[in-house]
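Please open the structure in your viewer and keep the selection tool at hand.

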Amino acid sequence: MMSDQLRRRGITHEGVLEAFSAVPRERFVPPERRHEAYEDRPIPIGRGQTISQPYVVALMLEELDPKETDRVLDVGAGSGYQTALLARLVAHVYAIERIDVLAERAMAALADVGAVNVTMKVGDGSLGWPEEAPFDGIICGAGAPHVPKAWESQLADGGRIVLPIGQAGAQSLVVLEKAGRKFHRRRICDVRFVKLIGKHAWPE
């Protein structure tokens, strides 16, 4: 995975690469699919959700450009794998997962890998987490029709939002960087994610 899926495809952020080396991906997939854990594709984790393809996760983390002192909001935590990677890169991760059974499994897996700097809750990720804002970064593992306004107000100046935006089943990965009251937006590539469900995203 490290050489073929990440380095060879252009991932250069050493912190991200070190996190991928340290976090056992197989702990975050269902037991019956652990033999597929390091394949270059998404893997179903139940309730219509997936753990994303390793390269896409690495690309999103690289675009987030996390720092050791950062506080990051991880929306749509799902399996908890991206959360675990973030936990090795930043000071604290605030993770939100809509589906309670997935959140419980993710918390168990995070505890198993020693990710102690994570606070997780079950809720609507499109609302962000105003009580813990501002965040230095916001990253989302599900596709939204647009950037939720709540996230823009909860992002610190100089912070970044990384998420897929577009129609259900086909989105563009975008990065928004906050500079005062303005947001600079970049499109990275085409992606395909499950839908972000919530008040300021797709209806259930």
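Helices (H or I, at least four residues) and strands (E, at least two) are DSSP runs, numbered from the N terminus. This is a predicted model, in which local features need pLDDT of at least 70 and side-chain atom pairs count only at pLDDT 80 or more, while totals for chains, interfaces and linings use all residues. Residues are numbered from 1 along each chain as its sequence is written, and side-chain values use heavy atoms, with hydrogens and water left out.

**The nonpolar cores**

Select I11, F20, F28, L61, L85 and I139: these residues have the most contacts inside the largest nonpolar core, which has 47 residues. A nonpolar core is a set of buried Ala, Val, Leu, Ile, Met, Phe, Trp, Tyr and Cys residues joined through side-chain atoms within 4.5 Å. Buried means under 20% relative accessible area, exposed over 50%, and partly exposed in between (1.4 Å probe, protein chains only).

Next, colour the elements that each supply at least two residues of this core, including α2 (14-22), α3 (54-64), β4 (92-97) and β8 (170-179). Which helix gives the most to this core? It is α3, with eight residues.

Now centre the view on I11. Leaving aside residues up to four places away in sequence, I11 touches L6, V16, L17, Y55, A58, L59 and E62; contact means heavy atoms within 4.5 Å. Another core, of 21 residues, lies apart from the largest one; I138, C140, A144 and I161 are among its members.

**The salt bridges**

The structure holds 14 salt bridges. A salt bridge is a side-chain nitrogen of Lys or Arg within 4 Å of a carboxyl oxygen of Asp or Glu.

Select E152 and K149, whose side chains meet in a salt bridge (3.6 Å, N to O). Where do these two residues lie in helix α6? They are three residues apart in α6 (residues 149-154), so about one helical turn separates E152 and K149. E152 is buried, at 18% relative accessible area, whereas K149 is exposed, at 61%.

Move to D190 and R187, whose side chains form a salt bridge of 2.2 Å, N to O. D190 is exposed, with a relative accessible area of 59%.

R41 is partly exposed, at 31% relative accessibility, and E39 is partly exposed, at 34%.
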